Structure formats: structure tokens, C-alpha cells
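Try each exercise before you read its solution.

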Amino acid sequence: MIKRAILFGGKAIVSVLDTTDTINSAINIHGFSQPVAVAMGKALTITAFMSGNFKGRGNKLTIIIDGNGKGGKMVLCGDFGARVRGYIENPKACEGEDVSVSEIVGKDGALNVIKDFGLKEPYNGLSQLVNGNIDEDFAYYFTTSEQLPSAVALGVKMQEGKCVKAGGIIVQPMPNCSEEEIFILNDIVSNFTNVGDLLTKMSAQEIVDFYFGHFEISRLPDIEEAYECTCSRERIEGMLITLGKEEAMQIVKAQGNIEVGCEFCNKKYVFTKEDVERLFDGN
């Protein structure tokens with residue numbers, strides 16, 4: 001769940017996310033090692049936050065984080081309503097090891113944010129990784145690429161391979177926010193050193209009320225985020241059609257059939273020779 005509120009009569013926005021169920025869905029699908037689950041949990045949480053702010057139902061988000069870390073490249077996607085999904089090149093990286101998020105993500109690289117609003121050209125934002133911890137990396141991205149200085153605190157608490165609690169707290173001052181108000185917000189955000197632990201003690205709504213409820217506050221509608229893949233057999237059929245019948249049949253001849261896997265949900269789609277013939281005869 002994403003809880004949001006406007007502070008100081010419209011001068012800042014706070015968002016508190018509890019993404020525990022979403023992260024456990026991702027762990028169940030991909031079988032992440034515990035270090036990877038923490039890193040991907042943080043990345044999926046910030047993806048839910050960003051796609052949760054979309055206004056149009058067709059809006060789409062893609063985030064690519066490539067820091068040359070032990071986990072390899074991370075790809076996250078989000079749709080309107082905070083429907084998210086993602087994968088990492090090495091989901092089992094550092095199994096059984098006690099390593100930091102920055103070791104999984106890496107520090108030598110960049111994060112690329114692509115927002116498709118259905119216009120002629122999508123928005124493309126790029127920023128260097130600060131330290132590979134994801135929190136600071138996205139705080140820097142928001143400040144430099146979107147000119148929206150932000151405090152970002154993310155956390156994932158794991159126990160025996162399962163996510164106990166995951167979420168984030170993001171505070172974004174608007175341009176009309178005074179230096180005094182920004183100082184107050186920064187002082188509050190300094191308390192959020194371990195969001196996973198905090199969420200085991202307080203709900204997202206309780207965090208909003210306890211830390212920000214004494215300001216002039218107005219609540220925004222909640223958003224119920226979820227891990228959701230958009231793949232389908234119909235979409236894969238569309239991809240095969242772009243190959244052309246001759247090339248598709250050559251693959252069938254060489255391999256016996258065509259098998260296409262979805263990296264976001266690990267689902268496999270198999271097309272036999274008869275399937276391919278029927279597909280092209282119908283088109």
C-alpha cells in the first residue's frame with residue numbers, strides 16, 4: 001500500500017510505502033538470494049513509488065540500473081497504478097553471503113529512467129550511481145534529472161529467505177517550500193535509518209500520522225501496488241509475426257519448436273510447427 005499526504009498546504013509531499021507482499025511475490029517467482037532480494041526489494045519499491053504517481057492509464061516506466069555489481073544489470077518496469085515487475089541478471093548472486101546492497105548493484109555505472117507518456121518521444125533521464133545503495137542513487141537522480149530534490153529512505157528486512165517487511169519513505173519538497181520547512185523535513189527524515197525495522201513496528205499510515213500529522217496536512221488517495229507481469233501468448237505471437245514465417249520456420253526446423261521465456265515472471269511459451277503455421281496462415 002502507498003500512503004501519501006501533502007504537507008505545509010501544498011509545499012511538500014510525503015509517500016510511505018509498504019511493499020512487503022510485492023517483494024515476496026518477486027522472491028517466489030525469481031528465487032532471489034537474500035542479498036539480491038534486498039537490492040531488488042529496494043528497486044521495486046522505488047519503481048512502485050514512481051509509477052504510482054502516473055496520471056494516465058497508458059503511462060509506462062522502465063528503469064535500468066547497471067553498476068557492474070555482482071548481481072548484474074537490473075531491469076524494473078512499472079505501469080499506472082503501481083503495477084511493477086523486474087528481474088536481475090544474476091538472481092542467485094552471493095547466496096549465503098553477508099554483502100551490502102552496493103556490492104550487488106555496483107557503484108561503477110548509471111541508472112536510466114524511461115517514462116512513456118504516449119507522446120512522440122519518451123522521457124529519458126540518466127544519472128550516475130552515487131554509491132549503489134539505491135536510496136542515495138535515486139535521491140541524486142530526482143535532484144539532477146527531474147529537478148526535484150528528494151529524501152529517499154528504502155528498506156527490506158529479511159528472515160530465512162522471506163521478506164518480513166519492505167517499503168520506503170520519500171519526501172519531496174516543492175519549489176515554494178521554505179528553507180526552514182526543508183530543514184524540518186530533513187530532520188525528520190534523518191530518523192529513517194532502517195525502514196524495514198520501522199515498518200515492523202508501525203503501519204505506513206501510522207508513520208505518516210506520527211512523523212508528519214502535526215503539520216498542515218491533507219491526505220491523497222491510497223494506491224494498492226502489486227507485482228504484475230503483462231506478458232501473454234498474444235504478445236509473443238505478435239513478436240513471432242515480426243520475424244516472418246520463413247525465419248520462424250527455420251527456428252522450428254533447427255530446434256523442434258519455438259520456446260520464449262518471460263524474464264519478468266519466468267513463464268514459458270512454446271510454439272510447435274503447427275502453431276507457427278496456424279499463426280501465419282491466419283495472418
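The model is predicted: local features need pLDDT of at least 70, side-chain atom pairs count only at pLDDT 80 or more, and totals for chains, interfaces and linings use all residues. Residues are numbered from 1 along each chain as its sequence is written, and side-chain values use heavy atoms, with hydrogens and water left out.

**Exercise 1.** Classify the pair Phe 8 and Phe 215.

Solution. Rings of Phe, Tyr and Trp (its six-membered ring) pair if their centres lie within 6.5 Å; planes under 30 degrees apart are stacked, over 60 edge-to-face, the rest tilted. By this rule there are 10 aromatic pairs. Here the centres are 4.7 Å apart and the planes at 50°, so the pair is tilted. Phe 8 sits in the loop between strand 1 (2–7) and strand 2 (12–18), and Phe 215 in the loop between helix 7 (204–212) and strand 10 (217–223), so the pair ties together parts 207 residues apart in sequence. Helices (H or I, at least four residues) and strands (E, at least two) are DSSP runs, numbered from the N terminus.

**Exercise 2.** Which ring does Arg 233 lie over?

Solution. The test needs NZ of Lys or CZ of Arg within 6 Å of the ring centre and within 35 degrees of the ring normal. Arg 233 lies over the face of Phe 271, 4.0 Å from the ring centre.
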